[in-house]
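Here is a short report on one model.

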Amino acid sequence: MIRQALRIDPRRTGLLDVCLIGLAAVLAAFSLCESVGSQSDAIFFTAIMFLGMWFSFFFCRYAAKTKLVKADGILYPVALALALTFHNSLNTLLPDNTLFSDNALSVAGGICWMLTIGSFLTWRDSMLLFQAVPSLAIFGLVGCFDTFKEATALFFVFMLCLATLMARAHGRLMMKQAADSGHTRIGSLSDGPWRWMAGPEWALASATAVVCLSILGAPVIQEEAHNLGISGLLHIQPPNNRKLVPSLFNQSFQGSVSIGQGPNHLSSEPVLRAQIDHPDYLRSTSYYEYSGTGWRTYRRAESARRKPLWDYSQQLMASPQSVSYGIEVLKPMQFLPTPESALEIKDQPNLDRSWDGSFQVRQTFVNLPKIVGVSWEVPPTVQAGNAPSPIDPDFEVLEDQSLIPPSVKKLAEQVTRGAHSDYEKAQMITTAVSQRCKYNINAAATPQGQDPVEYFLFTSHEGYCDLFASSVVAMARSVGLPARYSVGYLPDAGSTDGFYIAKESDAHAWGEVLFDKAGWRVFDATLGSENVAGGQRGASTEAKWYETFWFRFIGLPLLIVGFGYAAVRAFKLAKMPKVVVPRKELGKIYGRFERVLLPLAGHPRRLSQTTSEYVDASKNKLGDLYPVAAQLNSDFELALYGFEEPDETDIEQLKKNVEKFRSEAKNNKDLVGSGKGKR
Amino acid sequence: MAHFASPRSETQRLQNYAGLTITAAAIVLSIVAVLLNSSALFYMTTALVATIGACRVQAFLSVRGLRLERVAPPSVQVGDLVTVQITVWSERRIRRPLVTIIDDLPRRLFAKGISPSLPIAPAFDMPIETQYQFRPMKRGKYHWSGLTVQGTDALGLVTLSKRYDTSAAHMTVLPVGVPVPLDLPNAAGWGISEAASGQSRGAGMEPRGVREYVSGDSIRYIHWRSSAKAGQLLVKEFEAGSNAAAAFVIQRTSGTDIGIGANTTMETMISHAVYLSDAFLRQGARVEFPSLEEISRSINTRERMAEILDMLAGVQADQQESVGTEALECIGKLPPGSTVFVLLGIVDELLIGAVPLLHAQGSQMVPMLYDAERFVPKGRKLKAESAITPWFVEELRSAGAFPVVVSAEAYLA
């Protein structure tokens with residue numbers, strides 16, 4: 001049965017067609033999931049769509065001769081309408097069911113569901129083509145978000161799939177039309193009236209033209225639109241993408257961040273260039289509430305009419321000085337990393353300043369110019385002493401200890417014994433954490449149910465920056481210091497043009513403690529810690545190619561299917577008795593004739609030339625041989641394209657005539673010489 | 001007026017819609033790309049626009065620079081499957097996607113089942129042949145020229161057409177006979193009523209020739225010498241007396257052809273005339289159409305039938321004269337004892353006056369009356385009186401004719 005289903009029939013929708021639209025749909029859904037940063041959802045949609053693809057294929061093969069196959073015309077739109085209507089319920093079925101809960105994104109999730117359900121109901125060419133519509137809509141959304149750079153390349157692949165599918169569907173339509181016209185020899189169309197059809201060379205040329213035009217033209221058009229002042233009139237809030245802030249921070253959609261999640265793979269790809277005096281901590285954002293598994297932003301920060309934390313911390317600073325900096329973002333980010341306590345950003349309407357002074361990106365950041373800003377910095381002469389006491393009630397969250405394990409509190413009290421100031425306490429905590437634990441970017445994840453800080457400090461003693469920073473903040477709060485968990489970048493490589501380049505693997509987390517007069521001070525326990533061999537910070541931990549999502553879930557299955565298919569075909573071909581197709585055999589003999597003509601004509605036959613044109617064009621060079629060649633060519637034309645199928649006698653006769661022509665050409669050495677001379 | 005048969009399938013339409021969708025998507029996304037200044041959208045829309053552009057260029061080139069010739073059969077019958085051969089040459093040295101040809105068939109041909117043409121890829125200076133089929137549903141003599149080439153790109157997204165003038169095609173669509181029950185009164189001496197029975201077919205005194213033996217022929221009339229030569233039974237045929245002639249007069253006064261398409265009073269009358277002519281000719285009777293031709297010379301049955309079909313193919317309801325006047329023209333043209341069948345759908349009072357005159361000449365008139373009301377399209381009213389109006393039938397009968405109200409079952413579908 002399966003063999004029957006897999007039988008290749010150019011007049012029917014085949015496995016390749018279903019695969020093409022399946023791949024196109026997967027690319028669209030994958031791009032959307034990637035643009036919002038959910039690989040698990042991408043895998044989920046991909047898996048279901050592949051299932052749907054196979055179902056559709058087998059169904060359309062078995063039900064091809066029944067009326068049932070035409071039911072997709074009704075089922076498909078109904079299913080799509082239902083998917084869009086109940087998208088909220090369907091979105092809860094996703095592995096990362098919080099991702100598409102946002103109003104704007106839930107519709108996008110609904111379109112993904114439309115594609116997924118639609119993949120089960122694409123039984124005919126018309127529905128296969130229709131499946132491209134939601135895919136296009138999804139790519140449009142992805143383009144609007146502009147948070148997934150690879151989406152453009154995927155869109156080109158999508159277009160290629162779609163074009164191939166359309167070309168195949170069109171071919172089938174033409175075959176059907178040929179049959180409807182009363183033509184009986186459908187199998188030999190390509191040797192007959194379709195012989196001179198624009199073939200793959202045209203398709204290749206068109207595709208190349210489209211790709212070149214797009215790659216070269218798009219930036220020019222964008223620039224022109226910008227110069228005309230008509231671009232960028234609208235701003236949209238792209239969805240929060242956990243991947244915008246590198247995955248080291250394991251940030252979730254609701255503004256929380258998990259810690260102790262195990263090894264993380266970060267590339268050495270540059271993410272920003274910072275024009276600063278010295279390598280500094282570039283803070284993206286900070287978290288304030290410890291949740292027992294990670295950190296959360298201060299949920300009541302915006303709701304209550306509190307004064308901003310950045311304002312409060314600036315008021316604490318003694319004789320602050322402003323320092324300028326420049327940041328050039330190379331990769332989309334959710335928050336703009338800034339040094340010290342950022343005061344303001346010049347001429348940048350796309351940034352929103354949040355409660356604690358971090359700058360949230362309002363829309364795509366890829367094409368923004370270099371951002372110039374000013375930060376406050378306390379002079380080195382100002383010594384940090386004690387924390388503000390008592391702290392303003394609006395900022396009591398900085399001292400929140402509610403979920404900190406007692407063992408951690410006890411340890412903090414132990415290590416800070418004998419300290420003379422709060423600053424000294426913070427230093428002692430940092431040193432204690434450094435000495436107690438080793439840095440290992442490949443450290444295992446905290447077991448389920450365990451407090452990550454407690455597990456790190458008392459059991460594993462291994463981890464990377466998130467656990468070091470969390471431990472420092474938790475212990476600092478345990479002894480009454482106002483502290484926060486900050487994430488961002490710590491570039492360690494300089495640049496010749498005064499820029500520091502931060503790579504993805506330079507993503508970092510650290511603790512900050514608030515002091516009277518000195519403001520926020522960084523306490524980074526990773527700096528003094530011992531590294532586990534091979535687990536040091538900054539080492540590129542980019543995933544191996546065979547561990548990437550692409551390879552594991554798309555490349556490898558396609559390879560397996562491709563190899564399997566090739567093996568089956570090869571096996572079938574090997575078992576197939578050799579059948580002599582008269583016109584194919586004639587084609588070979590004509591090839592021989594062309595090879596005899598080549599040295600005489602001086603150039604091979606052009607693709608646009610018919611056989612008779614080729615002979616006529618070489619009339620002068622052929623000289624006395626021209627009438628023989630013309631007659632032979634005429635015989636070939638009649639045999640190759642005539643309505644009568646040539647028989648074995650015709651083939652034999654033509655073979656003999658070609659041999660005769662070859663010997664005549666050999667005898668005519670002068671002519672051959674002149675032909676060669678002109679090549 | 002030319003009529004473009006457009007046998008585009010559902011899939012092709014959907015492909016064109018897909019092309020429109022992509023174009024619309026490209027336009028909308030272009031606007032959004034500009035408004036948002038999104039690089040990704042700029043790349044996507046440029047790719048979409050470039051794809052559509054490439055498709056349009058390909059479709060545009062595919063229909064340019066062609067030379068076409070058409071070969072249509074000169075003569076076919078209504079309902080026959082007609083295959084038209086078209087030869088195409090490319091005048092440019094370019095490779096093209098497949099093109100299809102749409103013939104500018106005359107609308108009044110009422111062609112049914114027009115198949116799409118065989119898609120072809122025209123080659124430079126090389127004849128590539130294509131064909132399409134259709135069934136003409138209305139008799140007539142048709143002349144038309146011009147062909148439309150429909151070309152799509154390789155993806156089928158864009159379809160463009162170009163019309164080419166060609167030398168005119170001529171085709172005669174011959175009518176076909178539709179059986180009509182004809183219950184003639186038993187009138188001895190009226191040649192045709194004799195001819196209706198097998199035994200009396202060709203049972204006159206004057207020898208006429210031989211014909212095939214048919215069931216009912218007397219064995220004594222078998223011409224054994226001819227039968228031996230021909231290898232089949234042949235019987236001697238005699239003139240069925242001087243009265244054995246049938247004449248047909250068809251109402252073709254302008255405005256009397258009621259109905260639309262191939263379902264009109266004229267078409268029905270002609271198809272019945274064809275049937276009856278064939279039947280009478282087979283029975284050895286002479287068949288004449290005095291208002292359409294001069295009195296025919298005696299030729300063999302097959303040739304006469306072909307002549308009649310060709311003549312009837314060109315009949316149109318475009319005359320000023322009434323059918324009664326045309327019936328009067330028969331006087332003197334027909335041998336005494338002829339039966340004149342007058343086929344009409346609309347009342348013609350002049351016909352009543354023609355009956356006694358024909359009678360005086362020894363001819364019998366059999367008016368075959370059709371209900372024109374039945375041919376009137378829905379929502380319209382017949383402006384004249386239908387020929388089956390009782391008073392008209394009664395008047396004809398009173399005048400000495402044998403009016404036959406043709407049963408509606410015998411009408412064309």
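## Strand pairing in chain B

In which sense do strand β2 of chain B and β4(B) pair, and over how many bridges? β2(B), residues 66-71, pairs with β4(B) in the antiparallel sense over six bridges. B:Arg70 stands opposite B:Ile86 in β4(B). Two strands pair if DSSP finds at least two bridges between them. Helices (H or I, at least four residues) and strands (E, at least two) are DSSP runs, numbered from the N terminus.

β4(B) also pairs with β6(B), antiparallel, over seven bridges. There, B:Val84 has B:Tyr132 of β6(B) as its bridge partner.

## Basis of the model

The model is predicted; local features need pLDDT of at least 70, side-chain atom pairs count only at pLDDT 80 or more, and totals for chains, interfaces and linings use all residues. Residues are numbered from 1 along each chain as its sequence is written, while chains are lettered from A and ligands numbered from 1 in written order.

## Faces and burial

β4(B) spans residues 82-90. Its covered face holds B:Val82, B:Val84, B:Ile86, B:Val88 and B:Ser90. Its uncovered face holds B:Thr83, B:Gln85, B:Thr87 and B:Trp89.

Chain B has 413 residues, and 46% count as buried (20 or more other C-beta atoms within 10 Å of the residue's own, with C-beta atoms placed from the backbone). Chain B contains nine helices and 19 strands.

## Contact with chain A

The contact takes 57 residues from chain B and 62 from chain A (C-beta atoms, placed from the backbone, within 7 Å). On the chain B side, α1 (10-36), α2 (39-62) and β6 (128-134) each give two or more residues. α1(B) gives the largest share, 13 residues.

Technical notes:
Contact = placed C-beta atoms within 7 Å. Buried ≥ 20, exposed ≤ 12 C-beta atoms within 10 Å, placed from the backbone.
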